[in-house]
Amino acid sequence: MNDTLLIALYAFAGAAATGLAGAGALRLIRRRSLTASLTVVAAVGVVAMLAGTLAVAWAMFLSPHDLSVVTTVVAMAAVVSLATALLLGRWVVARSRELAVAARSFGDGGDFAAPVGPTTAELDHLSRELAATSARLAESRERERALETSRRELVAWISHDLRTPLAGLRAMSEALEDGVAADPDRYLKQIRTEVERLNDMVGDLFELSRIHAGTLPLAPTRISLYDLVGDALAGADPLAREHGVRLVGGRIEPVPVEVDGKEMSRVLGNLLVNAIRRTPADGTVAVTAERSTEGVVLSVTDGCGGIPDDDLPRVFDTGWRGTHARTPPAGAGLGLAIVRGIVEAHQGRATVRNIPGGCRFEVVLPAAAS
């Protein structure tokens with residue numbers, strides 16, 4: 001038993017010395033290729049066995065012949081181990097380089113294509129993560145392009161809508177200043193109308209900027225949908241009469257909701273104004289409010305004749321107004337973008353879909369706690 005313990009101690013001492021030297025070597029080459037690290041690991045295993053064997057042989061006074069045989073066996077094992085480590089290292093490095101080349105497509109705005117061929121589980125997992133990241137980046141680039149397009153359209157349309165009333169205001173003010181206005185009172189009334197429209201446009205821009213910045217202040221209170229819709233219908237009734245459109249309040253359930261009354265009134269007002277302006281004379285705009293499995297659904301149905309399928313996904317985009325609504329008083333294309341922003345700030349969602357003869361805008365809000 002004592003001899004066995006002594007052999008174990010000498011073998012451990014020789015192997016430990018080799019292991020410490022190998023750890024130092026790995027630390028020195030930690031920034032080098034994986035092939036070098038694998039070679040060191042393989043060499044440590046073989047040399048540790050050789051060192052332990054030599055220590056035991058020296059302590060046990062083995063014959064030179066036996067020591068030569070053991071050394072030869074260990075040397076052959078070292079050759080095979082080092083060759084295997086080199087092959088494995090070169091294979092892993094080659095797969096890593098292929099993965100790096102494929103990953104460069106991110107910088108070129110392309111999609112990630114995983115290298116073809118077998119690879120390690122770790123590299124395969126990394127490849128899947130890179131593919132998922134590539135898909136998310138592609139979606140992000142698409143959203144960025146869409147936002148940039150919306151910004152350009154918004155700037156163009158706002159510039160047009162500002163230029164027209166400003167030119168009119170300048171002309172009317174010059175006429176009043178020169179005393180050549182045939183009907184000064186009518187000019188003053190028109191100036192006031194244009195100023196109010198400009199003020200509304202600036203207010204919409206300010207509201208939209210707060211929505212995009214995430215700083216829209218909300219003061220939720222418990223309100224009945226019946227009262228909310230009733231006030232909105234009363235506010236939109238003069239515009240409906242002016243356009244010869246009938247406003248109908250259909251199924252209006254007195255369901256309580258926790259919303260900011262002022263902002264939600266703006267949502268309903270924008271939807272009603274949009275529906276009235278798109279509905280021809282003698283048409284009908286209907287409003288409903290009812291409970292559903294998803295919460296509370298507010299809907300505004302108009303008689304606009306429908307929205308082209310290609311345009312439906314862009315209805316709530318900032319600045320979008322459609323090909324038939326690019327001139328005043330259609331507005332700057334901010335009303336529906338504000339609707340979506342306010343609704344999403346209330347943890348709800350706004351959608352639109354075509355129905356026979358028109359389209360239906362729906363706002364889904366969380367129901368108030370009982």
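Author: Leaving out residues up to four places away in sequence, Gly 357 touches Asp 302, Gly 303, Cys 304, Gly 305 and Gly 306. The model is a predicted one, and the distances and areas below are computed from it. Gly 357 itself sits in the loop between strand 6 (349-355) and strand 7. Its C-alpha atom is separated by 5.5 Å from that of Gly 303, although the two residues are 54 apart along the chain.

A second pairing concerns Ile 307, which lies in the loop between strand 5 (295-301) and helix 8 (335-345). Between the C-alpha atoms of Ile 307 and Gly 358 there are 7.6 Å, with 51 residues separating the two along the chain. Is Ile 307 buried or exposed? Ile 307 counts as buried because its relative accessibility is 14%, and the cut-off for buried is under 20%. Beyond its neighbours up to four places away in sequence, Ile 307 touches Leu 312, Val 315, Val 352, Asn 354, Cys 359 and Phe 361.

Strand 7 (residues 358-365) also holds Glu 362. With 19% relative accessibility, Glu 362 counts as buried too, since the limit is under 20%. The side chain of Glu 362 has a polar contact, at 3.2 Å, with the side chain of Arg 353. Arg 353 is also one of the residues in contact with Glu 362 when neighbours within four places in sequence are set aside; the others are Val 297, Leu 298, Ser 299, Arg 349, Ala 350 and Thr 351.

Asp 282 has a phi near 70 degrees, a positive value in a residue other than glycine. Asp 282 belongs to the loop between helix 7 (261-278) and strand 4 (284-292), and it is exposed, with a relative accessible area of 60%. Gln 347, in the loop between helix 8 and strand 6, likewise has a positive phi in a residue other than glycine, here near 65 degrees. At 65% relative accessibility, Gln 347 counts as exposed.

The wider setting may now be described. The protein has eight helices and seven strands. Of its 370 residues, 34% count as buried. Among contacts between residues at least 6 apart in sequence, 71% join residues at least 24 apart. The accessible surface comes to about 21800 Å², and carbon and sulfur atoms account for 60% of it.

Two elements give two or more residues to its lining, namely helix 4 (121-178) and helix 5 (184-213). The largest share, six residues, comes from helix 4. The lining of this pocket has 13 residues, and those nearest its centre are Leu 147, Ser 150, His 212, Asp 317 and Thr 318. By class, the lining consists of five nonpolar, four polar and four charged residues.

Definitions and conventions. Residues are numbered from 1 along each chain as its sequence is written. This is a predicted model: local features need pLDDT of at least 70, side-chain atom pairs count only at pLDDT 80 or more; totals for chains, interfaces and linings use all residues. Side-chain values use heavy atoms; hydrogens and water are left out. Helices (H or I, at least four residues) and strands (E, at least two) are DSSP runs, numbered from the N terminus. Buried means under 20% relative accessible area, exposed over 50%, partly exposed in between (1.4 Å probe, protein chains only). Contact means heavy atoms within 4.5 Å. Accessible areas come from the Shrake-Rupley method with a 1.4 Å probe; for residues, only the protein chains shown count as cover. On a 1 Å grid over the protein atoms alone, a cavity is a set of points where a 1.4 Å probe fits but cannot get out, and a pocket is an open set with protein on both sides within 12 Å along at least five of seven lines; lining residues have an atom within 4 Å of a point. Ala, Val, Leu, Ile, Met, Phe, Trp, Tyr, Cys and Pro count as nonpolar, Asp, Glu, Lys and Arg as charged, and the others, Gly among them, as polar. A polar contact is a pair of N or O atoms within 3.5 Å; within protein, one must be able to donate a hydrogen and the other to accept it, and residues adjacent in sequence count only if both atoms are side-chain atoms.
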